[in-house]
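I have put my notes in numbered points, so please open the model beside them as you read.

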Amino acid sequence: MALKDITLGQYYPGDSAIHRLDPRTKLIGTILFLVSLFVVKNFTGFLFCAICLAILVKISGVPFRYMARGLKAVIFLIVFTALINLFMTPGTPIWQFGILKIAREGIYRACFMAIRLVMLIFGSSLLTLTTKPVALTDGMERLLSPLSKIGLPSHELAMMMTIALRFIPTLLDETDKIMKAQTARGADFESGNLRERAKGLIPLLVPLFVSAFRIAADLAMAMEARCYRGGDGRTRMNGMAFTKLDTVAAILLILYFAAVIALGRLPLF
Amino acid sequence: MRIEVKDLSYIYSEGMPFESVALEDVSLTVESGEFAAVIGHTGSGKSTLLMHLNGLMKPTRGQVLADGVDIHEKTKEAREARRKVGLVFQYPEYQLFEETVLKDVCFGPKNYGFTPEECEAKAIEALKLVGIDPDEKGGVSPFELSGGEKRRVAIAGVLAMDPQVLILDEPTAGLDPKGHRDILDMVCRIHKEKHLTILLVSHNMDDAARLADRILVLDKGRLAMDGTPQEVFSHYEELHSIGLSTPSSSELLHLLKSKGLNVNTNIFNEDEAVEEILKAIHGA
Amino acid sequence: MSKETVIQLKDISFSYYTENADGTLNTDTDVTMKHSEKRFALDGVTLDIERGSFVAVVGSNGSGKSTLAKHLNALLLPTSGEVLVCGMSTADPDNTWEIRRRCGMVFQNPDNQLVSSVVEDDVAFGPENLGVEPSEIRSRVDNALNAVGMYEFRKKGPHLLSGGQKQRIAIAGVLAMQPECIVFDEPTAMLDPSGRAGILKIIRGLHEQGKTVILITHFMEEAAQAERIIVMDQGKPILDETPAKLFAHAEQLSALNLQMPFGASMAAKLSARGVDLPEGIITSERLAECLCG
């Protein structure tokens, strides 16, 4: 089932150098990597990014197959984007059938966009696969905390993320159960036209919302019972501290970014 | 309706590193009109087995026949056979979604193409069967009912499809003792009145012994025992070795026997146990 | 007074409805439960709970036992009357957090009370909220996880655990706040027999270590392990006895749809048939001892 293939947000336990980096370093690093994918102007640049990413994946010890599972969920998006680019890019036509035509530039752009999307997903999955969701949200909370002075609720955002991450598997399970229960009553989630299918989702969505509200009510009470009262006066068990590893990572990151910019300026394919 | 399971195996994520065997070569037959209890630990494969019985899961190997029809085929006949195997999940009230109780119970028959009048007739009959007054509660939102009532309505939702086999996965989970008794009494009544074949998953050995003609014991994906309550519950050691137990009365009699009282340990209800103990004491 | 009172309920009543000025009733929108007929979920409850005691509260659905539980740590405030926890009134908002720290609570649904997707972070949640020093939190978390036998699972995600294991994590989460008193609100209702037995063992252990334990349940077999059983019906405690004495009220209990523990029920039937048995037999083990001398 497609629901279970979502790798995004699933932590892959390990103790590699990547796992041990401070989540703030990883967050900034990931953002820079994602930005670098938009700075890249040519395939040589992508090759460089891909090699760097491959090295990181290797270090992290996350099996490549495991990472690739994350792609399944968005394969449709990638193919769709590629097709749009393939057919919609104007330029020298090399194939034509009725209104459909493919230009040389279209092929180039389609490949370009597909590679960019795949790398975007790999890059961000590497972050979520090597960082405990809690550490990730903690890192975000801390990176954003200077902004709380201008009214950004960084603690609340981080708490929302934590809870969302905690309950994604629960809600997926719940969805699976409800789907099975309704299928046992003859519901059909797989055939019919778009309108029928959308209507067919009601027996799934209503119970799912009811469940989500029940979880929310229960959880709110449980959190109150455990003395939760927002971010003020709260301490954290896992303090964060930059280590030598983070310094090394920061230097490598700067070198990487410089290299990407340099490669972009060279007249390469 | 007779259910026949032949060499059924199910393997999760076959070929992947986290492959695990949920069912292994399970073969069993439940005769038409029989009341069978399925017992086993959490994770023994009970739920996986049940979901195969009405085609929700496809076996890795083996087949499930309902009156001789392979229910995993793509034919119309097989779909009809699947309808006749009604499956009530744990906490079935979580599947309710319609605006009114009546509409919710109609959902099943509607999916199988019955006319609105037929659906309503079936729904009303099903509600009466579970002890909910269709005139009083039929127009109420299912979300306004009490926990026990919700569960009954959910069971009615399955009964409205006119099943010939009714499978219930721990229908009393989370209920208080009264709710527990009421639901089981209801299942018994339905069994008698409608001559349905019943498969009941239970963790409660007393219930299993009291209600079922037949006990199926699952352990680690295999059918460990299959027989009448008398036969199955006489295997005291074997049941304990797989983390299960016998009914309370039998447990007590075993305890007495181990302390030297000469009693027959194969007694599975309270009143007979009282007689047996009296006989042993006065005999001694 | 030989023993110190830790929780005191003084004539408390609670209604999920509020009364409008014209005397009509207005349902409290925060409450999803529907109490269609009864106006008062709690109706004049007066109770003292002693420090270090193990009290079970039983009753059928709708008897008010869960509502009662939520009054013990200020999750609900009485409509009238007063609840004192360690001498502090729950009505005073300044006391709320101290009361909740001292009186922890474990809920029924194992899934819906864990906050974090990593076991040890979840256990740390309470102490973090209390502003405990990080190194101290670490040691409390390790101790709490060891106490419930879940230390080896500390890095796991709750969704990979069984219901019974999740419930142990919830208990660890409460223990890490170092409460004096723990309220268990039907902690085993959603568990299988082995999960249930595991949780009960932990509860007994906590009592033996001196914690005050309040167990809300509808299983009499579980309640029988307490030192004192309070039977609730229609928002009122109607029986308040030791287990041994309580089970002498067989008829009253069965009228309340409460099931006698198997051992007690057998003992009653055998006594009625002339077998000479001492009073207060609850478990099969004790019955067997008495029968076989």
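1. How many residues does the contact take from chain C, and how many from chain A? Please bear in mind that this is a predicted model. The contact takes 35 residues from chain C, together with 29 residues from chain A. On chain C, helix 2 (96–102), helix 3 (119–130) and helix 4 (134–147) each provide at least two residues of the side that touches chain A. Helix 3 of chain C has the largest share of that side, seven residues. By residue type, the side of chain C that touches chain A holds 15 nonpolar, twelve polar and eight charged residues.

2. Next, the contact between chain B and chain A. Here 18 residues come from chain B and 16 residues from chain A. Helix 3 (101–111) and helix 6 (147–159) of chain B each contribute at least two residues of the side that touches chain A. Helix 3 of chain B gives the most, with three residues. The side of chain B that touches chain A is made up of twelve nonpolar residues, five polar and one charged.

3. Now for chain A itself. Its two parts are domain 1 (1–131 + 239–269) and domain 2 (153–238). Taken over C-alpha atoms, the centres of domain 1 and domain 2 of chain A are separated by 30 Å.

4. Helix 12 (residues 270–283) of chain B is worth a look. With 14 residues, this helix reaches 20 Å from its first C-alpha to its last, close to the 20 Å expected at 1.5 Å a residue. Its buried residues are Ala273(B), Val274(B), Glu276(B) and Ile277(B). What covers the buried residues includes helix 11 (248–258) of chain B, along with helix 10 (262–272) and helix 11 (284–292) of chain C.

5. Is Asp43(C) buried, exposed or partly exposed? Asp43(C), in strand 4 (residues 40–50) of chain C, is partly exposed because 16 other C-beta atoms lie within 10 Å, while a buried residue would need 20 or more. Leaving aside residues up to four places away in sequence, Asp43(C) touches Ser13(C), Gln234(C), Gly235(C) and Lys236(C). Phe125(C), 82 residues apart from Asp43(C) along the chain, has its C-alpha atom 35 Å from that of Asp43(C).

Notes. Residues numbered from 1 in each chain as written. Chains lettered and ligands numbered in written order. Predicted model: local features only at pLDDT ≥ 70, side-chain atom pairs only at ≥ 80, totals over all residues. Contact = placed C-beta atoms within 7 Å. Helix = DSSP H or I, 4+ residues; strand = E, 2+ residues; numbered from the N terminus. Nonpolar A, V, L, I, M, F, W, Y, C, P; charged D, E, K, R; others polar. Domains from an automatic or database assignment. Expected span 1.5 Å × (residues − 1). Buried ≥ 20, exposed ≤ 12 C-beta atoms within 10 Å, placed from the backbone.
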